[in-house]
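Subject: Structure handover and notes

Dear colleague,

Here is the structure we talked about, followed by my notes on what was found in it. Please keep the model open while you read.

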Amino acid sequence: MNKIIGAHFSIANGLGNAVRTAKKQRCNTLQIFTKNPMGWQEKPLAKDEIDDFLSAKKETGIKEVISHTSYLINLASPEKQKQYLSKIALIQEFKRCAALKIKYIVMHPGAYINGSEEDGLKRIAENLNFVFEEVVDNPPSLLLETTAGQGTNLGYKFEHLAFIIKMINNKNRVGVCFDTCHSFAAGYDIRDKKSFEQTIKKFDKILGLKNLRVMHLNDSKKTLGGRIDRHQNIGNGEIGLSAFKIIMNDKRMEKIPKILETPYSKTQNDLKILLNL
Ligand SMILES: [Zn+2]
């Protein structure tokens with residue numbers, strides 16, 4: 001089976017070099033932040049940076065690079081100023097990704113902070129509709145990531161993502177990223193064939209398997225349903241190796257890029273494990 005496997009790589013040495021490092025580690029896909037994920041300030045990408053990134057993709061033959069949005073973006077926030085900054089940052093992300101010819105942008109749906117979950121979900125959808133209007137000419141799609149549901153984070157139920165997608169005017173612009181660690185922590189078991197099938201069945205019924213575009217493969221330090229988001233290296237956590245073996249050999253997921261976001265010191269080893277499953 002063809003495996004589309006990669007990891008999250010740092011852009012500290014430039015966007016192009018993240019792609020080259022991924023290739024050296026036998027990846028055929030990767031995820032990056034297109035900017036510092038901890039700050040609001042946006043520096044437009046320089047032309048030579050874009051050119052170097054595009055030529056690194058050509059050199060390595062890596063076609064699929066996935067972007068992950070900044071952690072500061074929170075479209076569910078009840079604060080107007082935070083919503084405004086989040087929308088501006090997301091619009092910039094779309095523009096950078098369009099320039100870099102990146103197809104998918106992965107984003108955590110957001111945290112509602114106070115009030116009701118439903119109000120938070122509505123704010124996400126409304127703000128996304130605004131953003132999509134602003135970036136009609138920028139082709140990337142946005143993938144809502146399944147979350148662990150820590151604090152007031154939304155997206156720990158498949159129904160949350162379905163609620164948002166239902167409210168999106170242009171559904172061609174949205175899809176889903178399934179994170180094994182997050183969904184396990186949210187209560188979706190995947191540790192053996194039977195539980196994995198049940199979870200995928202639910203996903204298909206509520207979200208549609210066709211909307212699954214990217215997977216994050218992470219083991220979990222924390223227990224099933226514990227609602228705590230702590231990634232662990234593959235086979236060393238509460239999920240265990242067999243779940244990853246099932247995923248890596250599932251024909252339905254063959255064409256889905258699979259990205260590791262495990263503790264970085266051992267990610268290289270995790271890549272080897274996945275390639276041999
Ligand atoms: Zn993730």
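The chain has 277 residues, for which a compact globule would have a radius of gyration near 19 Å, and the 18 Å of the chain agrees with that; the radius is taken over C-alpha atoms, and the globule rule is 2.2 Å times the number of residues to the power 0.38. Please bear in mind that this is a predicted model, in which local features need pLDDT of at least 70 and side-chain atom pairs count only at pLDDT 80 or more, whereas totals for chains, interfaces and linings use all residues. Residues are numbered from 1 along each chain as its sequence is written.

Taken along the principal axes, the C-alpha atoms fill a box of roughly 45 × 45 × 30 Å. Buried residues make up 42% of the 277 residues, where buried stands for 20 or more other C-beta atoms within 10 Å of the residue's own, exposed for 12 or fewer, and partly exposed for anything in between, with C-beta atoms placed from the backbone. Of the contacts with a separation of 6 or more, 76% are between residues 24 or more positions apart; a contact here requires that the C-beta atoms of two residues, placed from the backbone, lie within 7 Å.

The sheet

There are nine helices and twelve strands in the chain, taken as DSSP runs numbered from the N terminus (H or I over at least four residues for helices, E over at least two for strands). Eight of the strands form an open sheet with parallel pairing, in the order β1-β12-β9-β8-β6-β4-β3-β2, and two strands are said to pair if DSSP finds at least two bridges between them. The edges of this sheet are β1 (5-7) and β2 (29-32), each of which pairs on one side only. Neighbouring strands are turned by 30° against each other on average, direction ignored, with axes fitted as lines to C-alpha atoms (for helices over the stretch in contact) and angles running from 0 to 180 degrees between N-to-C directions.

Strand β8 (residues 174-179) is mostly covered, since five of its six residues are buried. Four bridges join β8 to β6, parallel to it, and Leu143 is the residue opposite Gly175 of β8. Four bridges also join β8 to β9, again in parallel, with Val176 opposite Leu212 of β9. Strand β9 (residues 212-217) is in turn joined by three bridges to the parallel strand β12 (residues 258-260), where His216 stands opposite Ile259.

The core and helix α4

The largest nonpolar core has 68 residues, and those that touch the most other members are Leu30, Ile105, Val106, Leu143 and Val176; such a core is a set of buried Ala, Val, Leu, Ile, Met, Phe, Trp, Tyr and Cys residues joined through C-beta atoms within 7 Å. Helix α4 gives the most to this core, with six residues. Leaving aside neighbours within four places in sequence, the contacts of Val106 include Ile66, His68, Leu143, Cys177 and Val214.

Helix α4 (residues 117-134) has 18 residues and reaches 26 Å from its first C-alpha to its last, close to the 26 Å expected at 1.5 Å a residue, the expected span being 1.5 Å times one less than the number of residues. Among its buried residues are Leu121, Ile124, Leu128, Val131 and Phe132. The elements that cover the buried residues of α4 include α3 (80-99), β6 (141-145) and α5 (158-167).

Ile273 has its place in α9 and counts as partly exposed because it has 17 C-beta neighbours inside 10 Å. Apart from neighbours within four places in sequence, Ile273 is in contact with Ile234 and Gly235.

Gly235 itself is in the loop between β11 (231-232) and α8 (241-248), and with 18 C-beta neighbours inside 10 Å it also counts as partly exposed. Not counting residues up to four places away in sequence, Gly235 touches Asp219, Gly240, Leu241 and Ile273.

With best regards
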